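Here's a quick briefing to read with the model open beside you. Have a look at the fold first, then come back for the details.

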Amino acid sequence: MKKRLWIFIAFLVTLAALFGCGSDPRVDSDEVPSLRAYIHFVPSSYYGTSYLLFASVREKEIPQGETGRLIAEIRVNEESITSDYVSDYIQNFIWTVDGKDYISSTVTHAFPDTGIFDVTLRTVDFFGDTLHDTLSLYVTTPLSVQPISPENGFNGFNAFDSAGMTFEIQTEGINSWQDAVCKLYVSTEKAYLWAFPIDTIPCNGKYTIDEPFLIGDSTFLSDTTIAFYWGVTAQVPDTELEFNMDTSDVQVFYTALIGTDSSHLVVPVRYRSLASSITPRGTLLLQNSAGDTLALKAISQNPAVLHFNRLASDSLTLTLWDSTLTEYAPAKQSLYLSKSSYHILDTLTLFDTVPPVRIPARTRFARSDSIRFNLYDGGSGVSQNSLTVILAGDTLARNINGDVVSFLPNCYNNCELAVALRDYAGNSAASVVWNLKRDEDGDSLSILGPYNPGDL
């Protein structure tokens, strides 16, 4: 090594003699350039970004399945040099990744499995010396936390009981080299649930709040309920990496009714995509396990919330239908109503899956008259903005009046006519066309069809 170094110094001395013009030919040892090699890992989502924005470190965590680019940085006297000048200092780059060697200044590699993977970079300079840098990649399963108990929607909670409530959660993705911290959040206000944690809880296991949730007079819960929203977070300490943290969905449980064996059922109802101008005429039927009718309620708003009071604990069936909006298919749901519960059902939703229809008002029109099509939709209603009239490839101006669309024809012989539309539920009318044909008298037009597109 010393011999090579003095050769390099002699080279510098020669340069000084040639260009120094009388300056001191001696070379200070501090002027000998110091070469260092560093590893940078650039995730695939950041390709095209300068690798210098990603610090060279000895250890780095990445999510399972990540693909990244390993890039060698060369510094001379701790100054990074561009790739254009690297070849002036380095002969070879040798990477060892997951037991395999690669000869290149950059290596792209995928990490589909979890574990600790060592990356080694060896660079050979023009003195034949080898520089080293290493990187340990911790390929991590993304953290995931899931509430287990109480089940979402549980409605038998006695908030005045000193036994309190037991919460259970399950967390996945805690790797062998990691610890995780899980926190419980509980609030009667959903909007403020995540403001303050109740406590740190086991990431896999149970935690009990062993005291009453409410104190004082319990009679106000004889005919109503209080909703308690809850959720959990999990995070590996001292990290802000997205895959090292997770927040659960918001769960809810309800207080039981106090001082009564009867129960209360709340049923939210919605017609999906129903136009605001249409009034529903729905009926909700409630039956017990014997098939007896317990209640029959009318629905004239969308959405609507229906209440059923003083119900006995039983297996119940709900049936919802509309007498006029026939394209909304009936919906049916069964549930078990426990004693002394205030049960809020998930929204019972009606769906329109039937497309609208358009039919020529007549099959023959005077050439000077507007052509009219009758529109029909027995569900969510025709979306007027979707209605397009195309005649011989040209889009025509059209007028909509109630359930009739009209337009002036500009056809002098045989023209293909298309009237496209959909309803508010997104169902498109059948893709058909008509043939607009001039009659022999020359003063009228006949509408022939419908045909499949391409059949004319």
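What follows covers the disulfides, the aromatic contacts and one of the sheets.

This is a predicted model, so keep in mind that local features need pLDDT of at least 70, side-chain atom pairs count only at pLDDT 80 or more, and totals for chains, interfaces and linings use all residues. Residues are numbered from 1 along each chain as its sequence is written, and side-chain values use heavy atoms, with hydrogens and water left out.

**Disulfides**

- Searching the whole structure turns up two disulfides, a disulfide being a pair of cysteine sulfur atoms within 2.5 Å.
- Counting bonded cysteines along the chain, the pattern is 1-2, 3-4.
- Cys182 and Cys203 make one of them, with their sulfur atoms 2.0 Å apart.
- This pair links distant parts of the chain, 21 residues apart: Cys182 is in strand 13 (residues 181-187), while Cys203 is in the loop between strand 14 (199-201) and strand 15 (205-209). Strands here are DSSP runs (E, at least two residues), numbered from the N terminus.
- The torsion about the S-S bond of Cys182 and Cys203 is about 115°, so that disulfide is right-handed.
- Both Cys182 and Cys203 are buried, where buried means under 20% relative accessible area, with a 1.4 Å probe and protein chains only.
- Cys411 is joined to Cys415 by a disulfide, S to S 2.1 Å.
- With a torsion of about 95° about its S-S bond, the disulfide of Cys411 and Cys415 is right-handed.
- Cys411 counts as buried because its relative accessibility is 3%, and Cys415 counts as buried at 10%.

**Aromatic pairs and a cluster**

- There are 17 aromatic pairs in the structure; rings of Phe, Tyr and Trp (its six-membered ring) pair if their centres lie within 6.5 Å, and planes under 30 degrees apart count as stacked, over 60 as edge-to-face and the rest as tilted.
- Tyr271 is buried at a relative accessible area of 1%, and Tyr328 is buried at 2%.
- Phe373 and Phe407 are stacked, at 6.3 Å centre to centre with 25° between the planes.
- Phe373 lies in strand 29 (residues 371-376) and Phe407 in strand 33 (residues 404-407), so the pair ties together parts that are 34 residues apart in sequence.
- Phe373 and Phe407 are both buried.
- One aromatic cluster is formed by Phe157, Phe167, Phe213, Phe228, Trp230 and Phe253.

**Charges over rings**

- The charged end of Arg75 sits over the ring of Tyr38, 3.9 Å from its centre; this calls for NZ of Lys or CZ of Arg within 6 Å of the ring centre and within 35 degrees of the ring normal.
- Lys297 lies over the face of Phe308, 5.2 Å from the ring centre.

- Six strands form an open, antiparallel sheet in the order 28-36-35-34-30-31, where two strands pair if DSSP finds at least two bridges between them.
- Strand 28 (364-366) and strand 31 (394-396) stand at the edges with a single partner strand each, so one side of each is left without a neighbour in the sheet.
- Strand 28 runs antiparallel to strand 36 (residues 444-451), and three bridges join them.
- Arg364 has Ser446 as its bridge partner in strand 36.

Methods
Helices (H or I, at least four residues) and strands (E, at least two) are DSSP runs, numbered from the N terminus. Buried means under 20% relative accessible area, exposed over 50%, partly exposed in between (1.4 Å probe, protein chains only).
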